[in-house]
Amino acid sequence: MTLKFGKVNARAGPGDDHRLLWVYGAKGLPVQVVAETAEWRRVCDPEGGLAWVHKRVTDGRRAVMNPQPQAVALYRKPKTGAETAAYLAPRSLASLVRCQKGWCRVKADRASGWVREGALWGTAEAPQCR
């Protein structure tokens, strides 16, 4: 999932009466839902933070982030040794198009390409936060 707005309150528990932990400031930030109630979702973010956000501030669109300090290559084909199509800069966001057989297709602005599953935050199905 992604955050729908550029300002999202992250709380210690599922409710407005719970302590405000921080405010997310990035629209489209990918998050992984690890628990939910009827109105709230506990999310894991690319920094490893766990917090509760209201359901209305999340979007079903999938996105990824490059948490590495260096750019990650996006390849023209989903195979080792394929030609590089573009690079995703550090801390950049991209849309997740689909994953298949250990590779994921992502799109950022006018560039798109394939990356190994797990190379970007948001491509692995396993829980990202403990």
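About 170 Å³ of space lies in the second largest pocket, a pocket being an open set of points on a 1 Å grid over the protein atoms alone, where a 1.4 Å probe fits, with protein on both sides within 12 Å along at least five of seven lines. The volume is the space filled by probe spheres set on the points, which are joined across faces, edges and corners. The model is predicted: local features need pLDDT of at least 70 and side-chain atom pairs count only at pLDDT 80 or more, while totals for chains, interfaces and linings use all residues. Residues are numbered from 1 along each chain as its sequence is written, and side-chain values use heavy atoms, with hydrogens and water left out.

**The second largest pocket.** Select the lining residues (an atom within 4 Å of a point), among them Met-1, Pro-30, Val-31, Trp-121 and Gln-128. By class, the lining has 7 nonpolar (Ala, Val, Leu, Ile, Met, Phe, Trp, Tyr, Cys, Pro), 3 polar (the others, Gly among them) and 2 charged residues (Asp, Glu, Lys, Arg).

**The largest pocket.** Strand S11 (93-100) gives the most to the lining, with 3 residues; strands are DSSP runs of E, at least two residues, numbered from the N terminus.

**Trp-103.** Select Trp-103 in strand S12. Trp-103 counts as buried because its relative accessibility is 6%, the cut-off being under 20% relative accessible area (1.4 Å probe, protein chains only). Show Glu-117 as well: the two C-alpha atoms are 4.9 Å apart, although 14 residues separate them along the chain.

**Asn-66.** Go to the loop between strand S8 (63-65) and strand S9 (72-75), where Asn-66 lies. At 0% relative accessibility, Asn-66 is also buried. A polar atom of its side chain lies 2.9 Å from the backbone nitrogen of Gln-68, and the Asn-66 side chain reaches the backbone oxygen of Ala-89 at 3.3 Å.

**Asp-45.** Finish in the loop between strand S5 (40-44) and strand S6 (50-54), which holds Asp-45. A polar atom of the Asp-45 side chain lies 2.8 Å from the backbone nitrogen of Glu-47.

Key: Helices (H or I, at least four residues) and strands (E, at least two) are DSSP runs, numbered from the N terminus. A polar contact is a pair of N or O atoms within 3.5 Å; within protein, one must be able to donate a hydrogen and the other to accept it, and residues adjacent in sequence count only if both atoms are side-chain atoms. Buried means under 20% relative accessible area, exposed over 50%, partly exposed in between (1.4 Å probe, protein chains only).
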